[in-house]
Amino acid sequence: MTSAPSKLYADDVSLLVVSLDTNPFFWSTFSFPFSEFISHVLAFFNSILLLSQLNQIVVIATGCNSCSYIYDSSSDSNHSSEAVGMPALYSNLLQKLEEFVAKDEQLGKAQTPGAIASSLLSGSLSMALCYIQRIFRSGPLHPQPRILCLQGSPDGPEQYVAVMNAIFSAQRSTVPIDSCFIGSNNSAFLQQASYITGGIYYRPPQLDGLFQYLSMVFATDLHSRAFLRLPKSVGVDFRASCFCHKQTIDMGYVCSVCLSIFCEHHQKCSTCGSVFGQSQSAANL
Amino acid sequence: MSTGQVIKRAKYKTSLKDPGTDGVLKLTEEKLFFRPNDPTSNMKLEVDFKSIQSHRNTKEGSNKPPWLNLGHSQGNYIFELASYPDLNVCREFVGIALSRNKSGEAPPAISGEQLSPAEMELRIKLLREDSKLQKLHRELVASGKLTESEFWATRKKLLDKDESRKLKQRVGFKNSMIFDTKPMSDGRTNQVTFSLTPEIKNQIFALKPAVHQAFLNFVPSKMTEKDFWTKYFRAEYLHSTKNAVAAAAEAAEDEELAVFLKDDEILEKESRKKVRRVDPTLDMEADQGDDYTHLPDHGIFRDGSKEVSEAQHQLCRRTLLQDLNRQGAVVLEGRTLDSEMEHQRTVAEVLERTRHESDGDIEQERRNRISRMTQIEDLQEQGDHPFAPLCIKDPREYFDSQQANAVKTLDHSQAGMDQTRCNLSSEEAYGFLKVSISKIKTLGISDPLVSPEIASKVLAGLTKNISTSKYQYGKNSQESVLDILPNTTKEQLLDHWVCSQELLRHFWSSYPITTSNLNTKVNRLKDSISQMYSKLEEIKVSARSDMRHQVSLIVHPMQQVLDAALLHYDADKRKRNAKAQRLNGYA
């Protein structure tokens, strides 16, 4: 059916849901300043919106204690008059970001200083997927959604289960999760996410040219990706965390009913409640 | 005796007094055949060894001629052989055959196993054909690491395959059919010669169904085959001359000849049926143009002239295009049966029958196709899948992606695993972040955002990365890491790999150890595995310095699997010893 509305929605319209890492503990100790990072990212958003009139961007800020939507390009309340040296949409975003950071600080008053707290990746992924589901249900004509995680802080193994659940639901809705990881070591969660959902995981070696990396690797819509040779992942760390202690493990026990992972022998599975029998070797001895 | 049969010249005598008929005696494992040299004689014999009850023969030292006497329930078969050595050979063979039939099992072979000569022969043949298998066999069995039976136990599939693999393919029609079916003319004399083989007859029948029909109708009722073909080639010759008038004249005289000169009605009917079969709205291939017999002005005529014929000569004016089309269609359809049959008439009949049978199928197919085509895609509802479709990824991708992890563990270098600890309190950290945000609000975005040098470096890096990683890790389809190595090393590595695979297969299949037989086998295999391990170590050490890294990368997983096997052996042995000690302690 080639009716007029369908002509507007071509194959390459994309909805990009960005999960922006605003972990203050990470950014305060990182070599690349947050202000430069934000400027690269804002320019990247602008270029995405320039690619097609129907492209949409939604930005979710990922803090230590909460996550929140800070920008939606399709909403009408994008007019701010305090623009000095930058377009209106940027200032709106930054305004919301400031408010979010203040709120996050309020929530995290009881945090003890120590190792870098991890940002709530699972929370922002879930929020992204909810938004995408709403878009799916809005009608037959919708852009093709994908998720981009701009992450720097390390993984929190305690979020393993939630992150894996989010990844599997993304896989089921065929939403690719791309990850641009800025931190020092590779993030196992994001590698797995991109591997399972068919997205791209890339760790830019040179952060000065972050905008260049973003626009070369992550800007193309899903339809056009078939024609591009994007960087392949060099290795996926498939290690899981155990469900009892939330530590990363290489070898462990797996419940045969619900596939939950444990690092030591248990009598009963804590997820599904099935009772484990005695192992064969123990019986023979 | 490794061959399965014996063929010797012999004379067959029905009784001792009979002078005997000359012929050839053939002995196979099941039967005995005798065929006399004179084809008109009816002394042919075909006897099953099961019916032979006894065999006797004349002694060599005596003055009697070499006779072999096979007794059966009704009497004797006496064969006089050419010489005593021949007699000995036959006697041996008969003895084996009879003993096998009596006892019902194969005679014992050298290796102590019950092997029939056929199986032995099959094994030898397999070894001869596959040099790799032969090498493996030599290395493992000859040096005593595996016994013969164990070696072949895992290769049952090879042994079971039928030896006499008939050629499943059927030879189709030649592509030069038109030329075969034309008579050749000798330019000097007025004679036209043609040669006719059954093959050519089949081709003519396939190309021209009207001729086929005529053959069935006229032969042998109205004329002999030879006459038929003479008339056919006369018609062909008339076609090839430019003389339409002469053709018409001859056709008027001889009505059978006229058949060959008319339009091929059967072809017309067939092509009309074909056009009907096609749904013109959806299948663009076939259209009215297929009914080419009714387009006389299409293409060059066979006799080279280009003008449209006069209406009065209603004779067949075939064009080159029509002939080529017809040949193409026939070649693609292929043969429906083997043309090994001797009697030409039966062949013709069978062909006719098969053609009728296929029509019914075609109708059915057409109906199916129409019922399927009525669902036009645009009018269908969108098939909304509630589940994401199964995505079966290429397994190679997984292993490629794991390569980096493997390399990491090999190099024993953990790149920067230390976590930076944050010494700021939460207030300080948040304050820092807020300062950054307000900074960018005031400054705006810098111009240029990315300096040109950095941008070009990034561009070069990304594009280079795509192309070089392929060559480094040997993912190019034409090249692999093994090709970089020198030939001898490559061969050695491959041989060792195949060998260790075989050893490991036998090793792991012997666990859990239940009998003492398995125990000895496992011990034997463990020794050979340790030998293999040291051989691999040697290769690794002796590699050239620039190849050393690649070689160690390749050898590493091989050694790992051998390690796992050895570890398991040790652990299992310890467990068994502990158990034995405990039992002894109690006893």
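This is a predicted model: local features need pLDDT of at least 70, side-chain atom pairs count only at pLDDT 80 or more; totals for chains, interfaces and linings use all residues.
In which sense do strand 2 and strand 3 of chain B pair, and over how many bridges? Hi everyone, let's start there.

Strand 2 of chain B covers residues 21-27, and its pairing with strand 3 of chain B is antiparallel, over five bridges. A hairpin of three residues takes the chain from strand 2 to strand 3. If you want to find the pairing on screen, look for B:Leu27, which sits opposite B:Leu32 of strand 3.

On its other pairing, strand 3 of chain B is joined by four bridges to strand 4, residues 45-48 of chain B, again in the antiparallel sense. Here B:Lys31 has B:Asp48 in strand 4 as its bridge partner. Strand 3 itself, residues 31-36, has two faces: B:Leu32, B:Phe34 and B:Pro36 are on the covered one, while B:Lys31, B:Phe33 and B:Arg35 are on the uncovered one.

A few words on chain B as a whole. It has 587 residues, of which 31% count as buried. Its secondary structure comes to 21 helices and nine strands. Taking contacts in chain B with a separation of 6 or more, 55% are between residues 24 or more positions apart.

Over to chain A, and its sheet. This one is open, with six strands in the order 3-2-1-4-5-6 and mixed pairing. The edges are strand 3, residues 67-72, and strand 6, residues 201-202, each of which pairs on one side only. Strand 6 runs parallel to strand 5, residues 177-181, and two bridges join them. Within that pairing, A:Ser179 stands opposite A:Tyr201.

Next, helix 7 of chain A, residues 188-197. Is this helix largely enclosed or largely open, and why? Nine of its 10 residues are buried, so the rest of the structure largely encloses it. After the helix comes A:Gly198, with a positive phi near 85°.

Last topic: the nonpolar cores. The largest has 56 residues, and those with the most contacts inside it are A:Phe37, A:Ile38, A:Phe44, A:Phe45, A:Leu150 and A:Phe218. Helix 3 of chain A, residues 34-51, gives the largest share of this core, with nine residues. There is also a second, separate core of 33 residues, including B:Ile513, B:Leu536, B:Ala543 and B:Ala565.

Let me finish on A:Leu150. Setting aside neighbours within four places in sequence, A:Leu150 is in contact with A:Val18, A:Ser19, A:Leu20, A:Asp21, A:Phe37, A:Val41, A:Cys180 and A:Leu214.

Terms used: Residues are numbered from 1 along each chain as its sequence is written. Chains are lettered from A and ligands numbered from 1 in the order in which they are written. Side-chain values use heavy atoms; hydrogens and water are left out. A nonpolar core is a set of buried Ala, Val, Leu, Ile, Met, Phe, Trp, Tyr and Cys residues joined through side-chain atoms within 4.5 Å. Buried means under 20% relative accessible area, exposed over 50%, partly exposed in between (1.4 Å probe, protein chains only). Contact means heavy atoms within 4.5 Å. Two strands pair if DSSP finds at least two bridges between them.
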